[in-house]
2 protein chains.
Amino acid sequence: MSVETASLFAALGDRTRLSLLTKLSDGQSRSIAGLSAGTDLTRQAVTKHLRILEEAGLVISSKVGRESQFAFRPEPIDDIRAYLDSVSQQWDDALSRLRTFVER
Amino acid sequence: MSVETASLFAALGDRTRLSLLTKLSDGQSRSIAGLSAGTDLTRQAVTKHLRILEEAGLVISSKVGRESQFAFRPEPIDDIRAYLDSVSQQWDDALSRLRTFVER
DNA sequence: CATAAGGGCAACCTCCTGGTTGCCCTTATC
DNA sequence: GATAAGGGCAACCAGGAGGTTGCCCTTATG
């Protein structure tokens, strides 16, 4: 994993960022002003959240004219899935060992 | 979702908690002392992390004699997967729409 | 060209988080 | 029964997170 898994989870561990990401996951790039509109947050607050998402690799930005366009970046999602899978796998293995033991 | 998705992610957004959970996902219950051993953390620090995991529903505790036993609880993992799936789904839909548009 | 819109930077504030320490209670154990 | 082991509770602390405001710069637009 390029970015630490924990910081990936941490990036998602905030209501505002989660909704920003959900919005962006429709594939459309948006400017900071565009993402701030409809929020009760300052443009600066949104900017900070976007930077955090960007550092986690969940979002990518590019300047277009005077605007900063932010786009969803799905790759890290796979890292998270990988972690969840490993945890679930361990859990399932434990269960089936237990079952085998009981049925013996 | 019973527990807010963001707080679920937040619970996982910490190295220590992530490793506690990973340890517990092997199906074995462990006491606080057991989980603290081998860590450079205080028992109290570990306790706090466990409480957070417990509030997120990722872990469940029960007193056995003088010990508090903590066990992994897999249910919330599905909530997280559900969120990731919805995001990925939106993304994939956007991609296929784009593809259709381009190939037209 | 004057003005508005989009943003960046930095300072500042408050509250939460992660962690510690000290003390006390309860349950095992010798 | 004395002592050790496992924990809970509360106070405390430093640093980070989330948010705001003010100011300035750049790019569109009338």
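The points below cover chain symmetry, helix packing and the sheet.

This is a predicted model, in which local features need pLDDT of at least 70, side-chain atom pairs count only at pLDDT 80 or more, and totals for chains, interfaces and linings use all residues. Residues are numbered from 1 along each chain as its sequence is written, chains are lettered from A and ligands numbered from 1 in the order in which they are written, and side-chain values use heavy atoms, leaving out hydrogens and water.

**Chain symmetry**
- Chain B superposes on chain A by a rotation of 180 degrees with 0.0 Å of shift along the axis, at RMSD 0.0 Å (least squares on the C-alpha atoms of residues with pLDDT of at least 70 in both copies).
- That is the relation of a two-fold axis.
- The copies meet through the same surface, because 97% of the interface residues of chain B are also interface residues in chain A.

**Helix packing between chains**
- Helix H1 (residues 5–12) of chain A and helix H1 (residues 5–12) of chain B have axes that come within 7 Å and cross at roughly 155 degrees.
- Helices here are DSSP runs of H or I with at least four residues, and strands are runs of E with at least two, numbered from the N terminus.
- Axes are lines fitted to C-alpha atoms, for helices over the stretch in contact, and angles run from 0 to 180 degrees between N-to-C directions.
- H1(A) and H1(B) are therefore roughly antiparallel (over 145 degrees; 65 to 115 is roughly perpendicular, under 35 roughly parallel, the rest oblique).
- Ala6(A), Phe9(A) and Leu12(A) meet Ala6(B), Phe9(B) and Leu12(B), where contact means heavy atoms within 4.5 Å.
- The residues of this H1(A)–H1(B) contact are six nonpolar, no polar and no charged (nonpolar: Ala, Val, Leu, Ile, Met, Phe, Trp, Tyr, Cys and Pro; charged: Asp, Glu, Lys and Arg; polar: the others, Gly among them).

**Helix packing within chain A**
- Helix H2 (residues 15–24) and helix H4 (residues 43–55) of chain A have axes within 10 Å, crossing at roughly 75 degrees.
- H2(A) is thus roughly perpendicular to H4(A).
- Residues meeting across this contact include Leu20(A) and Leu21(A) from H2(A), and Val46(A) and Leu50(A) from H4(A).
- The contact of H2(A) with H4(A) divides into six nonpolar, two polar and one charged.

**Sheet of chain B**
- Three strands form an open antiparallel sheet in the order E1-E3-E2 (strands pair if DSSP finds at least two bridges between them).
- E1 (30–31) and E2 (59–64) of chain B stand at the edges with a single partner strand each, so one side of each has no neighbour in the sheet.
- Six bridges join E2(B) to E3 (residues 67–72) of chain B.
- Val59(B) has Phe72(B) in E3(B) as its bridge partner.
- Helix H4 (residues 43–55) of chain B lies across E2 and E3 of chain B, at about 120 degrees to E2(B).
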